Amino acid sequence: MDLAPITSIELLLDADAEAAVRAEWDALAAAGLSSLAPHTAPSNRPHVTLLARRGGVPHPLPVPDDALPVPLVLGAPLLFGDGDRRILVRSVVPSKALLALHAAVRDAAGVGDDVEHMAPGAWTPHVTLARRLRLADLERALPLVGGALPCEGVALRRWDAGTRTVTPL
């Protein structure tokens, strides 16, 4: 059974936070570790995914005008996955404002075939640093990830994996 490509709604970080995350990507890559730094496509930007769905998301997406900017804090590193390779991320503290934006995006998108881990109560907001990081490299990777970073989510975009296109919202 073929699954429809994923469409996601992503929250972009302010310029200083984006630069800080890119510096972490670069530090991981410079150390010879897994990192998102080598992915140089213009669509590869630090972001927080608010919604991921198989199939489409309405466009335009009617999100309240006053939803942005949203204050954020990038927090401690986390690992997702299992096995000897994991996804290394920076946690994002789930503030009342961020949870409200998450709910507003879900409400605006309506009912769809959403990825289960994006549902309220299951969603872990984060910014990805590396995919397929070897557990054996974790001790070298963690010192390259910064501490708490207050910042803002400043814009929304739509990523369509089927067409590999990004659309600002």
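Colleague: What covers the buried residues of α2?
Modeller: The cover includes five strands: β1 (6-13), β2 (47-54), β3 (70-80), β4 (85-92) and β7 (149-160). Cover here rests on contact, that is, heavy atoms within 4.5 Å. This is a predicted model, where local features need pLDDT of at least 70 and side-chain atom pairs count only at pLDDT 80 or more, while totals for chains, interfaces and linings use all residues. Residues are numbered from 1 along each chain as its sequence is written, and side-chain values use heavy atoms, with hydrogens and water left out.

Colleague: What makes a run of residues a helix or a strand?
Modeller: DSSP runs decide: H or I over at least four residues gives a helix, E over at least two gives a strand, and numbering starts at the N terminus.

Colleague: How do you know that the span of helix α2 agrees with its 14 residues?
Modeller: The expected span is 1.5 Å times one less than the number of residues. For α2, residues 96-109, that should be 20 Å. The end C-alpha atoms are 20 Å apart, so the two agree.

Colleague: Which residues of α2 are buried?
Modeller: Leu98, Leu101, His102, Ala104, Val105, Ala108 and Ala109. They take up an arc of only 165 degrees around the axis, so they sit on the same side of α2. The arc is that of the directions from the helix axis to the C-beta atoms. Buried means under 20% relative accessible area, exposed means over 50%, and partly exposed lies in between, with a 1.4 Å probe and protein chains only. An α-helix has 3.6 residues a turn, so residues three or four places apart point the same way.

Colleague: Which exposed residues does the face turned away from the buried side of α2 carry?
Modeller: Lys96 and Asp107. Just after α2 comes Gly110, with a positive phi of about 70 degrees.

Colleague: Why is the protein chain called as compact as a globular protein of its length?
Modeller: Start with the make-up: three helices and eight strands. The radius of gyration is 16 Å, close to the 15 Å that the globule rule gives for 169 residues, so the chain is as compact as a globular protein of that length. The radius is taken over C-alpha atoms, and the rule is 2.2 Å times the number of residues to the power 0.38. Of the 169 residues, 39% count as buried.

Colleague: Why are Arg45 and Glu18 called a salt bridge?
Modeller: The term asks for a side-chain nitrogen of Lys or Arg within 4 Å of a carboxyl oxygen of Asp or Glu. The closest N and O atoms of Arg45 and Glu18 are 2.7 Å apart, so the pair qualifies under that limit. Glu18 belongs to helix α1 (15-30) and Arg45 to the loop between α1 and β2, so the bridge ties together parts 27 residues apart in sequence. Glu18 is buried at 11% relative accessible area. Arg45, at 27%, is partly exposed.

Colleague: What makes Asp113 and Arg54 a salt bridge?
Modeller: Their closest N and O atoms are 3.8 Å apart, which is within the 4 Å limit. The pair links distant parts of the chain, 59 residues apart: Asp113 is in strand β5 (residues 113-114) and Arg54 in strand β2. Asp113 counts as partly exposed at 43% relative accessibility. Arg54 does too, at 26%.

Colleague: How many salt bridges does the structure hold?
Modeller: Eight. Another of them joins Asp137 and Arg140, with the closest N and O atoms 3.4 Å apart. Salt bridges with shared partners also join Glu18, Arg22 and Arg45 into one network.

Colleague: What makes the phi of Arg132 worth a look?
Modeller: Phi is near 65 degrees, a positive value in a residue other than glycine. Arg132 is in strand β6 (residues 126-134). At 53% relative accessibility, Arg132 is over the 50% limit, so exposed is the word.

Colleague: Where is Pro60?
Modeller: Pro60 is in the loop between β2 and β3. The peptide bond from His59 to Pro60 is cis, with omega near 0 degrees. Pro69 is also found in the loop between β2 and β3, and the bond from Leu68 to Pro69 is cis, with omega near -5 degrees.
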